Amino acid sequence: QVQLVESGGGLVQTGGSLRLSCVASGGAFSNYHMGWFRQAPGKEREFVAAISWWNGNSQYYADSVKGRFTISRDNDKRTVYLQMNSLKPEDTAVYYCAADWGSSRPLKTGAADFGSWGQGTQVTVSS
């Protein structure tokens, strides 16, 4: 299994941008589907974006972030990114990186499908 560490969260004004990073260690990173989820206070963890293993040709986004967020991966750096633009107060949450063994398996978007999780990074968008 991979171990995941997120960074890049912070406080930003409405309309601003942040880029989250998630560095993986301890596993064959390129063989993992990678995902981003978020959890706001009092709410369930929800899917944000996912990218397929190896070349990242498949990408899925939650409707609420389509056109604003972009997920990408750099296998050489063992890192997955989430570029967040046009941020809104409703994007405020703890953001989690997650990994799912991907080789020859379909990319999924359910939290239960991802077996490895980071500790999370706080994103706060002020109005």
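Select Asp 91, in the loop between β8 and β9. Strands are DSSP runs of E, at least two residues, numbered from the N terminus. This is a predicted model: local features need pLDDT of at least 70, side-chain atom pairs count only at pLDDT 80 or more, and totals for chains, interfaces and linings use all residues. Residues are numbered from 1 along each chain as its sequence is written, and side-chain values use heavy atoms, with hydrogens and water left out.

Is Asp 91 buried or exposed? Asp 91 counts as buried, at 1% relative accessibility. Buried means under 20% relative accessible area (1.4 Å probe, protein chains only). Now show its contacts (heavy atoms within 4.5 Å). Leaving out residues up to four places away in sequence, Asp 91 touches Arg 38, Arg 68, Phe 69, Ser 86, Val 123 and Val 125.

Next, the disulfide (cysteine sulfur atoms within 2.5 Å). The structure holds 1. Select Cys 22 and Cys 97, joined S to S at 2.1 Å. Cys 22 sits in β3 and Cys 97 in β9, so the pair ties together parts 75 residues apart in sequence. The S-S torsion is about -80°, so this disulfide is left-handed. Cys 22 is buried at 0%; Cys 97 is buried at 0%.

Move to Val 80. Beyond neighbours within four places in sequence, its contacts include Cys 22, Cys 97, Met 34, Trp 36 and Ile 71.

Finish with the largest nonpolar core, 35 residues. Such a core is a set of buried Ala, Val, Leu, Ile, Met, Phe, Trp, Tyr and Cys residues joined through side-chain atoms within 4.5 Å. Val 80 is among the residues with the most contacts inside it, as are Met 34 and Trp 36. Elements giving two or more residues include β4 (32-39), β8 (79-84) and β9 (93-101).

Notes
Buried < 20%, exposed > 50% of the residue type's maximum accessible area, 1.4 Å probe, protein only. Helix = DSSP H or I, 4+ residues; strand = E, 2+ residues; numbered from the N terminus.
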